Amino acid sequence: MALYSFSAISFSNLSWTGPNPFASDATRNAATYNTTVLTIGPGAQWDDLRVDDGEAFLQDGDSDQDLAQATTFNGTNWPAGTEVEIEYSYYLRPVGSTNPAEWFTIYVLEFEGNVQGIAADTRVPPGDYQILNGGSDDPLIAYADLVVCFTPGTRIACPGGARAVETLREGDLVQTLDNGPQRLVWVGRQVSRGRGRRAPVRIAAGRLGNARDLYLSPQHRVLIRPDQGLPGPDEVLVPVKALLGQAGIRVVPHHQIIYHHLLFDTHQVVLAEGLGAESFFPGPEAIRSLSQADRARLFLHFPELRQGQSWQAARPLLGPGAFRRLWRGHGGGALRA
């Protein structure tokens, strides 16, 4: 058996006008085609689900797909071992859209014989969606093609308690490791194909002291301390891809991924799920990766970055090669939490 993760949204976050698309625990409702509009509310929460499965596909009629841990979903507490399947699927498009490239598929999730919510093959923002003629009553999809919520849902330490990163706005206070509460100056958001060089790296819950699974872009730096086995007296910031090969840290390709960026007046270390991770470091490559709109907003706040001015890092920065050489020179082994 292998462990797979994907994100899902429960029926409690959905509404619709027209015939009920989820009336059956077994088959699609053909009366919904080109008739029903499904609405994902503005405060809808996507939940990360972890499933044990002997195959790399989520499908209908497979009794070996089980929740790997106790999970609250659609208002019910489901124990580890709960059987999970996808019963049927629908094609959808944004209301008013005529572009086939905007079509996507939702997969209706069943827990222990009762439909409870949906997964999707793309990250679906809040809005209204027309159900189209299509889909399947016997669907199958690779876990790698189901969208995973990277930072949406990731909890960031704030003075009033941890908050999901997607709820943070410019001007909000975030707890930093060195300087206490600091105000966010700029926030950015990237939607990316989660494969190849952009595929996220997952740090399994508890592996480095993080409370839950944490998904980071390969270049995102995390804090490594001497008491975790690092030689020398200093903490360093290391791209998470440098840690690949450590138990519980691996690349998890997905169809699509969302990366959120948090920027302060200076480079900071924040706590993401309890793990020290850097705020956005506005180096040339990082700035080039931003959307045109986010880059323009960044330059409004920090016009000096347009001329390539460099920032002081919150900790010494070690590239993957330098970190691995240092680690091997110290004997290698497993990083401690």
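View 1. Helices here are DSSP runs of H or I with at least four residues, strands are E runs of at least two, and both are numbered from the N terminus.

**View 2. The buried side of α2.** Helix α2 covers residues 292-301, and D294, L298 and F299 are buried in it (under 20% relative accessible area).

**View 3. Zooming in on D294.** D294 sits in α2 and is buried, at a relative accessible area of 10%. Its side chain makes a polar contact with the side chain of R297 at 2.8 Å (N or O atoms within 3.5 Å, one able to donate a hydrogen and the other to accept it; sequence-adjacent residues count only if both atoms are side-chain atoms). Leaving out residues up to four places away in sequence, D294 touches W186, V187, G188 and R189 (heavy atoms within 4.5 Å).

**View 4. Strand β4 and its partners.** β4 (residues 47-53) pairs with β1 (residues 2-10) in the antiparallel sense over seven bridges; pairing takes at least two DSSP bridges. A8 has D47 of β4 as its bridge partner. β4 also pairs antiparallel with β6 (residues 66-67), over two bridges, and D52 stands opposite D66 there.

**Notes.** Residues are numbered from 1 along each chain as its sequence is written, and side-chain values use heavy atoms, without hydrogens or water. The model is predicted, so local features need pLDDT of at least 70 and side-chain atom pairs count only at pLDDT 80 or more, while totals for chains, interfaces and linings use all residues.

Definitions and conventions. Buried < 20%, exposed > 50% of the residue type's maximum accessible area, 1.4 Å probe, protein only.
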